[in-house]
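Visitor: I'd like to go through the charged pairs in this one. Can you put it up?

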Amino acid sequence: MSGSRVIAPGSPPAAVPGEATRRYLRALAERGREPADRTAVPPTYKRYRYAGRLVLPAREPHGDLLRGLLGVTRAEWTHRGVRLKRPAPSGGALYPIEAYVALGEPAGLYHYDAAHHALDLIRPGDHRPLLHASLTRVSAGVPDVVVVLAAVFWRNGFKYREFAYRLQCQEVGVLSAQALALGESLGLDTAVHLRFDDAACQWLLGLDPTREGVLAAFTCASGRAVPPGPPPRLPAAAEEHPPPSVVDRLPCLTALHAASAAPLPGVLPLPPPPSPGEVVRLPAARAVRVADAVPLRCSPEAGFLPRHITAETLATVLAHAAAGYPGDLPGCHDAPVTCAPHVLVRRVTGVPAGAYRYDRLTCALVAADGAGDVLAGPLRPNTRLALPEAAAVVVPVGDQTTGSATFGDRWYRLQQAEAGLVVHRAALAAAACGLTARIHSDGTNPTTDAVLGLTGPLHALSFLLLGIARPGSTVTGPLG
Ligand SMILES: Cc1cc2nc3c(=O)[nH]c(=O)nc-3n(C[C@H](O)[C@H](O)[C@H](O)COP(=O)(O)O)c2cc1C
């Protein structure tokens, strides 16, 4: 195996906290564009050998939650053919995240078969108490349902290589935002868990962490307590075509995931001192229900019309992006704690174009002390086309390294997940206001950092363009 040391599952984390993160970030910074290995394209769906199956009834909250997260719900027709899509965005539409569901009635641990909208039994017995016990922050009672999200590393790793882990971590944040929005409309009291004992979850799910790694969990309560079922029993079903190990293919990803297995009790880094830039007050945010926007959201295929949006719409998007959420990071009920939204304003009526930090307490924009032009950065062709016509860009910003001194290498995962949550909340709020939005990961680069006036360990973590959709040649519609 080349270069870095891979830690076997269950063994102690890397001796120096943050070292695996530094190596991973170095690998990303130094990577060239490798062509995707099309001969190694892995299957899009995961299947288990039949050992029992729950067909999810229509209009049942937990089934609707799963369908709204990962169901195959949309078809897109282009000149290239038909592409099946899911409700939440995913880098390259490769959907590397799988969901595992622990139910009390009928008691079992199940895999969500997205292609058939059904639950396949993996192990009989009530796994909720053990999964619940592996979480760092537990509720008073055992939840009705526990959902664990895991990334199949090679599903998008064959294309994005080591960068795949960054996408996977952001995608569990995206799915967390989606779960919270869906939970609101389905009457499910949903909480996001990013800090749990990886080894315990991994073992219960029967997953090999060099192939597929647990990254996040949700607990859901509907107010109708499900009594405990029989204890977990032996595995009932095996995976049909286990995904390949990435130990040799993606050594930095493997090392970072292994080093971040323990949920250490961390201390949040101090936020940077507020810069004294010019202040632009925003109007009050409009009341919108992001849950209503879930079926409307999609990423624009042909960029934006060069039109202005109102300052009230921008205020609404930013208020949702910066809102607190039910989670397990200290302080996250008030606001995301590992990153904060910034914005590049391009076409917003009454707000001068420029780079700003969003101050959520005063609902104001503070001009950034940066320099340069984002368009001068290393952008992909579709970003170069869409950016000049977008109305604004939401950019979560965070300190990538300081947190790892106490949170260990788990910091990377926590922060990327929150960055995904922030941009997806912004995207849903934009959709609720009649706009469209698309993540352009290539917008996170040193030029963008300079424009935002970021120094030291602060970096742009994601880059969400939003505006008024330009009609394209793509036709997207709901399935079935
Ligand atoms: C974490 C993440 C990163 C993404 N990065 C890019 C990107 O760099 N460029 C791009 O054009 N789209 C990017 N996307 C958007 C996806 O390509 C898009 O979500 C996918 O094609 C599915 O389409 P949909 O959003 O319409 O459902 C990203 C999405 C996610 C969740």
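**Salt bridges**

Guide: This is a predicted model.

Visitor: Where do glutamate 98 and arginine 155 lie?

Guide: Glutamate 98 is in strand β4 (residues 97-104) and arginine 155 in helix α4 (residues 153-160), so the bridge ties together parts 57 residues apart in sequence.

Visitor: Are glutamate 98 and arginine 155 buried or exposed?

Guide: Both glutamate 98 and arginine 155 are buried.

Visitor: OK, how many salt bridges does the structure hold?

Guide: There are 18. Among them is lysine 46 with glutamate 239, where the closest N and O atoms are 3.3 Å apart.

Visitor: Which parts does that pair tie together?

Guide: Two loops. Lysine 46 sits in the loop between α1 (19-30) and β1 (53-55), and glutamate 239 in the loop between β9 (212-221) and α7 (251-259), so the linked parts are 193 residues apart in sequence.

Visitor: Why does glutamate 239 count as buried?

Guide: Its relative accessibility is 17%, and the cut-off for buried is under 20%. Lysine 46 also counts as buried, at 7%.

Visitor: Different spot. What do the side chains of aspartate 126 and arginine 128 do?

Guide: They meet in a salt bridge, 2.9 Å from N to O. Aspartate 126 is buried at 3% relative accessible area, and arginine 128 is buried at 1%.

Visitor: Last one: which residues are linked in a network of salt bridges?

Guide: Arg47, Arg53, Asp113 and Asp120 are linked that way.

Key:
Residues are numbered from 1 along each chain as its sequence is written. This is a predicted model: local features need pLDDT of at least 70, side-chain atom pairs count only at pLDDT 80 or more; totals for chains, interfaces and linings use all residues. Side-chain values use heavy atoms; hydrogens and water are left out. A salt bridge is a side-chain nitrogen of Lys or Arg within 4 Å of a carboxyl oxygen of Asp or Glu. Helices (H or I, at least four residues) and strands (E, at least two) are DSSP runs, numbered from the N terminus. Buried means under 20% relative accessible area, exposed over 50%, partly exposed in between (1.4 Å probe, protein chains only).
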